[in-house]
Amino acid sequence: MIPASIPLESSEAERIAREVYGLEAQADPLPGYVDSNFLLRTAAGERRVLKVSPPAVDRQALECQTQALIYLADTPLADRVPRIIPALDGRTLPSVDQGQGGTRPVQLLSYLEGVPLAGVQKRPPGLLRDLGGTLARLDLALRGFHHPGAHRSLAWDLTRTHELARLARHIQQSDRRDLVRRHLDHFRAELVPRIATLEHGVIHNDANDHNLLVQGADGEFPTLGGIIDFGDVMHTVVMAELAIACAYLMLDSLDPLAAASQMATGYHAERPLTAPEQALLYDLIIARLCASVLMSAEGRHRSPDNEYLLISEQPAWRLLEKLSMIDRDEATEKLTGSLEDHGTPARSAAELVAVRQQHLGRNLSVSYSEPLKIVRGQGPYLYDERGRRYLDLVNNVCHVGHCHPHVVAAAQRQMALLNTNTRYLHDHLAEYALRLTATFPEPLSVCFFVCTGTEANDLALRLARAHTGCRELVVVDHAYHGHSPSLVEISAYKCEGPGGDGLAAHAHKVPLPDTYRGPFRGPDAGAEYAGLVAEAVQDAAKSDRSVSFMAESLIGCGGQIIPPQGFLAGAYQATRATGGVCIADEVQVGFGRVGTHMWAFEAGGVVPDIVTLGKPIGNGHPMAAVITTPKIAASFDNGMEYFNTFGGNPVSCAVGLAVLEVIEQESLQQHALEMGTLLLDGLRHLQDTHPLIGDVRGLGLFLGVELVRDRDTLEAADTEASAVIDAMRGRGFLLSTDGPLHNVLKIKPPMVVQAEDLSAMLEALDDVLGEIEIRA
Ligand code: PMP
């Protein structure tokens, strides 16, 4: 329900201006759909706009609208949109108490010059292109803006137009009712899935001809003055911005498609429309017209005597009927035919597989026997080319959510400004080094910036060798540390598998500290597994060699293993006794994923000598880092320069800083703890009813579910695990398997995953486990 507008006297508006803003001004009412709006004029001739919202307004949405305007004030769009003026006490969205009327939020805005486009008869092509271009720049500027209030449910959300079908009964003429129903059926069946694959983001969402202001309307070259009324700001499909503006622009135009084409040209010049977006423009314009006539039909149903609604809806009906008679392809050609195509051609999944087979190394694997073509990611979700949404439960790279707007904006901003290397001084490099090292305990305070987890581990080995003068290394069985020669030969996961040459002579492995399947399973398992490390280290340390130890703080490829308490502490102690150093590979598990701490080694009660970071560090941007002690860094500084062309570049540092900011601002570490607890409880509950689940383990949002055919023999249920993964994919949940026996379901979703989605996942898993046949 839209909260009803509650009238407000001008004298009351003047009082609010005076008392809340310290502004002596005369108030005159302005039109407003929901809010009470006033033009304020001071004696000095200054103008402002005062908006007083009804008490029942969606406060989060209003907060979002306010924050969006504050955000835009720092972008090139600043002088095209109203500026928020703070109250005397500094608040940007103060409230006024209206006694019986309740508390009403207030905004004071700067006044933009110009007249609404609605009243401008002369609309030369240049003006229309200017309008389109500005809307595109607004959408680009808003790419970096995010706010929980933007994710709102609004009848005017173009992506949900089909949900307005229930209002069609209020359309009195049967031919018109049928027409709208036909469009909505088409929308539901054909458009919804295609829209889901397009870029989504925060947009103005209501660039109608009353909200676009024009300057110099009487002259030869009228120009855009500004965009007002951000009341419908929301997160939706970005191209809705253009479609909505086009729909209103076309209403009274003699050649509506030509006018919209000009606007689309201007928009495309600033934010190129992809081929799928171009193909949908006509349909989305129709969708907005349908929404418009449906909403006014409902309005008339509620207020049958409202003549205004009857008159105002006529242009929308006329245009809808006119456009409905044109062939879709023909209309699309007129709208977008002149736009240059900037995109790569879209190929079917089968064609993509064929190209990979011919032109890419065959040992590049692809998930699922029927591979997925993913075209868009947002938060914890991925979308395939048909618009099907999947909950991503395995990607720990897109740590703060796929395409997080804050990270995207930071990268875009810096990429447009400068990208060089570390041989020049740069603020981002210094700031990032300071902020990143601040998250580590002493004496871990020196960073090396590299590009991948492999590079980080490779450098970690060099640091260890430089410091100890020795190559000997103890590693954990089934561990994976990277794909370069120096790492493949110490990663049992690779070198002891198909095509491998076995462990290098200087690498010595110890068993996985696995309390479910390994040799030690009791309360002393931590010390017992550490004892095996001590033996291996001492063995390798013969003839006075220093032996180093490298392990993930929680073990990924080995099967989502949470080492028992005491394991890392014992292993580190034995290592250091030989003069060796301890390397913690946090490429998978760092950055708050464990929930209780920022770094997983902290949960293990140790402080390593070298820590390697990767995957989540850049939320998908290729970057990684090594953090070590001043002493080890000094041993490495032996005269040979360390240079890394891309490592530590200003774009990567901007991205890394943005990731740290999001983790902090969105309290993602705490969130991981809460979500992880929810998952652990839910999975353990499933374990009670499904004998296939042998073990459930995890810390924060790093979990494993080990499937067995028999809880006594622990026979690995590998084919069953694959079947579960496939069935879950069919239900919209992406998981994968890992572990030496390929029977562990791996769960490590983006940290922004929400409780409702996890509950839905648990329900689906319950069903799927009920359907899986356990092999005899
Ligand atoms: N260490 C661990 C624990 C990993 O999981 C990986 C990647 N799976 C790496 C290192 C190597 O990282 P990258 O693929 O970025 O080189």
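Predicted model: local features only at pLDDT ≥ 70, side-chain atom pairs only at ≥ 80, totals over all residues.
# Reading contacts, burial and a ligand shell

Student: What is a polar contact?

Tutor: A polar contact is a pair of N or O atoms within 3.5 Å; within protein, one must be able to donate a hydrogen and the other to accept it, and residues adjacent in sequence count only if both atoms are side-chain atoms.

Student: Where does Glu-313 lie, and is Glu-313 buried or exposed?

Tutor: Look in the loop between helix 8 and helix 9. Helices (H or I, at least four residues) and strands (E, at least two) are DSSP runs, numbered from the N terminus. Glu-313 is buried, at 4% relative accessible area. Buried means under 20% relative accessible area, exposed over 50%, and partly exposed in between (1.4 Å probe, protein chains only).

Student: Which residues does Glu-313 touch?

Tutor: Touching, or contact, means heavy atoms within 4.5 Å. Leaving out residues up to four places away in sequence, Glu-313 touches Val-293, Ser-296, Ala-297 and Arg-300.

Student: Which residues of helix 9 are buried, and which helices do they pack against?

Tutor: In helix 9 (residues 314–324), the buried residues are Pro-315, Ala-316, Trp-317, Leu-319, Leu-320 and Leu-323. They pack against helix 4 (174–195), helix 5 (240–250), helix 6 (256–270), helix 7 (275–302) and helix 8 (307–312).

Student: What is a salt bridge, and how many are found in the whole structure?

Tutor: Side chains of opposite charge can pair when their charged atoms come close. The rule here is a side-chain nitrogen of Lys or Arg within 4 Å of a carboxyl oxygen of Asp or Glu. A search of the whole structure gives 36 salt bridges.

Student: Which parts does the salt bridge between Arg-143 and Glu-199 tie together?

Tutor: The side chains of Arg-143 and Glu-199 meet at 2.8 Å, N to O. Arg-143 is in the loop between helix 3 (125–142) and helix 4, and Glu-199 in the loop between helix 4 and strand 7 (200–203), so the pair ties together parts that are 56 residues apart in sequence. Arg-143 is partly exposed at 24% relative accessibility, and Glu-199 is partly exposed at 25%. The two also belong to a salt-bridge network with Arg-271 and Glu-277.

Student: Can you show me another pair?

Tutor: Glu-496 and Lys-509 form a salt bridge of 2.7 Å, N to O. Glu-496 lies in the loop between helix 16 (492–495) and strand 16 (507–510), and Lys-509 in strand 16, so parts 13 residues apart in sequence are tied together. Glu-496 is partly exposed at 42%, as is Lys-509 at 36%.

Student: How many residues surround the ligand?

Tutor: A residue is near a molecule or strand if one of its heavy atoms lies within 4 Å of it. Here 13 residues surround the ligand, and the closest are Gly-453, Thr-454, Asp-585, Gln-588 and Lys-615. Helix 14 (residues 453–468) gives the most to this shell, with three residues.

Student: Which ligand atoms lie by those side chains?

Tutor: A ligand oxygen is 2.5 Å from an N or O atom in the side chain of Thr-454. A polar side-chain atom of Asp-585 is 2.8 Å from a ligand nitrogen, and one of Lys-615 is 3.0 Å from a ligand nitrogen. The protein covers 85% of the 390 Å² of accessible area that the ligand has on its own. Such areas come from the Shrake-Rupley method with a 1.4 Å probe; for residues, only the protein chains shown count as cover.

Conventions
Residues numbered from 1 in each chain as written. Heavy atoms only, no water.
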